[in-house]
Amino acid sequence: MSHSLDYFDATHHEVRQRVRGFVERQVKPYVEIWEAQGEFPEELYRLAAEAGVLAVGYPECYGGTGGDLFAKIACVEELMRCGSAGVVAGLGSLDISIPPILFLGTEEQKMRFVPPVLKGNRISALGVTEPGAGSDVAAISTTAVRQGDHYVVHGSKLFITSGLRANQLTCAVRTGGEGYHGISLLVIDSGHPGSSVSKKLEKMGWLSSDTAQIFLDGCRVPVENLIGEEGKGFYAIMENFQNERLHLSIMANMTAQLALEESITYVREKAAPSRPAPTLQGTYHKLADMATLVEASREFVYRVAAKMNSGQRQVMEISMAKNFSCMVSDYVTEEATQIHGREGCLRRCLVERLCRDNRILSIGGGTREIMKEVISKLLIDS
Ligand SMILES: Cc1cc2nc3c(=O)[nH]c(=O)nc-3n(C[C@H](O)[C@H](O)[C@H](O)COP(=O)(O)OP(=O)(O)OC[C@H]3O[C@@H](n4cnc5c(N)ncnc54)[C@H](O)[C@@H]3O)c2cc1C
């Protein structure tokens, strides 16, 4: 896998080495066990923090190690080399739940909610999705009614990554009327009375990440936990989606990259020595197509990221990048399974896990169809 020198400098390389070391020592040897158990140990958050992995890309004043979008990209790419998107999603739940606090929160809130998470002492999750509201975020029905110096919250949040273990939930609630204007953000502590969690949801992929439903039954949250003004939550959630979509695009590219690498190894070591040469041409051509698409997708996503890094709004382009990278990872994981034949159907085969984990990428963070809605609206309106 070649990295363009235009995008990555020495500081990014240092992040890459640091995260690679963490993955080699603390993650890779245990991934198969965690996948079978359906979770990674909670201690991994602290180990990741000690290794300087969780804090990549966050401001130093809140306990971060600094760095731009390409530091984060280097970090996610190396984490994905562990072969389990579930581990990456579980450790990465802070990357969808902390940015809205940094975006809208007061200085006091940032100091209270961010450093403990970056140190691995507290686990943070994002609560937007509900049983009755997925793609249509503006339809959420969890209410937060102010009573004196508390909000009383009623409702539930579904499919929450790290939901089972999270100490704090950056949660979308309705403080006002219908539609997106009525949505606000509250940080809800798992210890607040009235908050409880379901059993872990059993998923097809991302097996190591815990995913749960959170019930908020008259949950009392201090007003100091309101992030930004009432009614500004939707705006922060939409802003947050841009980085999440970049994150998922990088995960898709790495899923495809790993599937390609596994396929090359399989062809070299198993298919080529055992099959007559004339029957191999189709397989070699599959590898050629897979490699071409992986290269194109990686360069496209880097280019969009570079524009985001320089402060340009890339709402349409990052939606295109997410759909394109997921299309490529769908194709490449499918072809990788085909190349592996029966081997690709076995649980112990990495390609099998990549296929299952991959399926979630074009659903989470905005589905393929919602990306097309965003792209087509911006095409027509501009
Ligand atoms: C493993 C996993 C982890 C997740 N983690 C989190 C988390 O940490 N926090 C969180 O808040 N959420 C999380 N989610 C939820 C995720 O954000 C939603 O699944 C996603 O937004 C899609 O919503 P939905 O599943 O309800 O699908 P729906 O909105 O019900 O959509 C179903 C289908 O209809 C299509 N559709 C819906 N509306 C339209 C439309 N307007 N135009 C065209 N087609 C449409 C969709 O594209 C999709 O194909 C997670 C999901 C998964 C699978």
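The structure is a predicted model.

The space it takes is the largest pocket.

Now look at single residues. There are 19 residues around the ligand. Those that come nearest are Thr 129, Ser 135, Phe 159, Thr 367 and Glu 369.

Next come the polar atoms. Thr 129 uses its side chain: an N or O atom there is 2.7 Å from a nitrogen atom of the ligand. Phe 159 uses its backbone instead, with an N or O atom 2.9 Å from a ligand nitrogen. Thr 161 also has a polar side-chain atom placed 2.8 Å from a nitrogen atom of the ligand. How much of the ligand does the protein cover? On its own, the ligand has 960 Å² of accessible area, and the protein covers 64% of that.

Move on to helix 13, which spans residues 350-359. A residue is buried when its relative accessible area is under 20%. The buried ones are Val 351, Glu 352, Arg 353, Leu 354, Arg 356, Asp 357 and Asn 358. The list includes Glu, Arg and Asp residues as well as Val and Leu.

What do these buried residues pack against? Their partners are four helices: helix 2 (31-37), helix 5 (85-91), helix 10 (233-274) and helix 12 (315-340).

Finally, turn to the backbone. Most residues other than glycine have a negative phi.

One is Ser 162. Its phi is positive, at about 70°, although it is not a glycine. Find Ser 162 in the loop between strand 3 and strand 4 (168-174). Is Ser 162 buried or exposed? Its relative accessibility is 0%, so Ser 162 counts as buried.

Trp 206 is another case. Its phi is positive too, near 45°, and Trp 206 is not a glycine either. Trp 206 lies in the loop that links strand 6 (195-197) and strand 7 (211-222). Its relative accessibility is 10%, so Trp 206 also counts as buried.

How values were computed
Residues numbered from 1 in each chain as written. Predicted model: local features only at pLDDT ≥ 70, side-chain atom pairs only at ≥ 80, totals over all residues. Heavy atoms only, no water. Buried < 20%, exposed > 50% of the residue type's maximum accessible area, 1.4 Å probe, protein only. Helix = DSSP H or I, 4+ residues; strand = E, 2+ residues; numbered from the N terminus. Contact = heavy atoms within 4.5 Å. Near = heavy atom within 4 Å. Polar contact = N/O pair within 3.5 Å; in protein donor to acceptor, adjacent residues only side chain to side chain. Areas by Shrake-Rupley, 256 points an atom, 1.4 Å probe, with all protein chains shown as cover. 1 Å grid on protein atoms, 1.4 Å probe; cavity = no way out; pocket = protein on both sides within 12 Å on 5 of 7 lines; lining within 4 Å. Sits in = over half its atoms within 2 Å of the grid points.
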